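Today I opened my notebook to follow the charged side chains. Come along and keep the picture in view.

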Amino acid sequence: MADISDSAARAARDLRVVFSRLRRRIREVAQDTDLSPSQESALTLVGKHGAATASALAAAEGVRPQSMATTLAALDQHGLIRRAPDPDDGRRQLVTLTDTGRARIEGNRQVREEWLARAFQDRYTEEERQTVLAALELMERLSQS
């Protein structure tokens, strides 16, 4: 890291720490007590992927297929997902959200967005919010590379 400036190294470190804390706080805001963090994460993943196999979900989540199977069984018991035979390969099942699962994800998303908007409204001045928006434009460049 000899060719990296002190300010770049500090920005990277501080950004990682702040994003980790903020991500944790946002998750806490809408966290329902009847699902574990891994179940909440898997539910969100199913919502993003649409119809997917358990092994594809396990790969996307970076967990073993057996762990994903256990997680999906719990989500199934809560009525949040459904399984159907894969039309291309009857040996596999495709996992999708139920209406209840979709409503839960949308409700959590709305609660999180409202909490964050309220926090910006209550804790920052208009000038500070504009600074955050400008910084987010710069952060977007990081996500594109």
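I began with D14 and R10, which both sit in helix α1, four residues apart, about one turn of the helix. I noted that helices are DSSP runs (H or I, at least four residues), numbered from the N terminus. This is a predicted model, where local features need pLDDT of at least 70, side-chain atom pairs count only at pLDDT 80 or more, and totals for chains, interfaces and linings use all residues. Residues are numbered from 1 along each chain as its sequence is written, and side-chain values use heavy atoms, with hydrogens and water left out.

I then looked up the contact itself: D14 and R10 form a salt bridge, with the closest N and O atoms 3.2 Å apart. The term means a side-chain nitrogen of Lys or Arg within 4 Å of a carboxyl oxygen of Asp or Glu. By this rule I get 13 salt bridges.

Next I checked D34 and R104, whose side chains meet in a salt bridge (2.9 Å, N to O). D34 lies in the loop between α1 and α2 (37-49) and R104 in helix α5 (residues 99-123), so the pair ties together parts that are 70 residues apart in sequence.

Is R104 buried or exposed? R104 is buried, with a relative accessible area of 14%, while D34 is partly exposed at 41%. Buried means under 20% relative accessible area, exposed over 50%, and partly exposed in between (1.4 Å probe, protein chains only).

How values were computed:
Helices (H or I, at least four residues) and strands (E, at least two) are DSSP runs, numbered from the N terminus.
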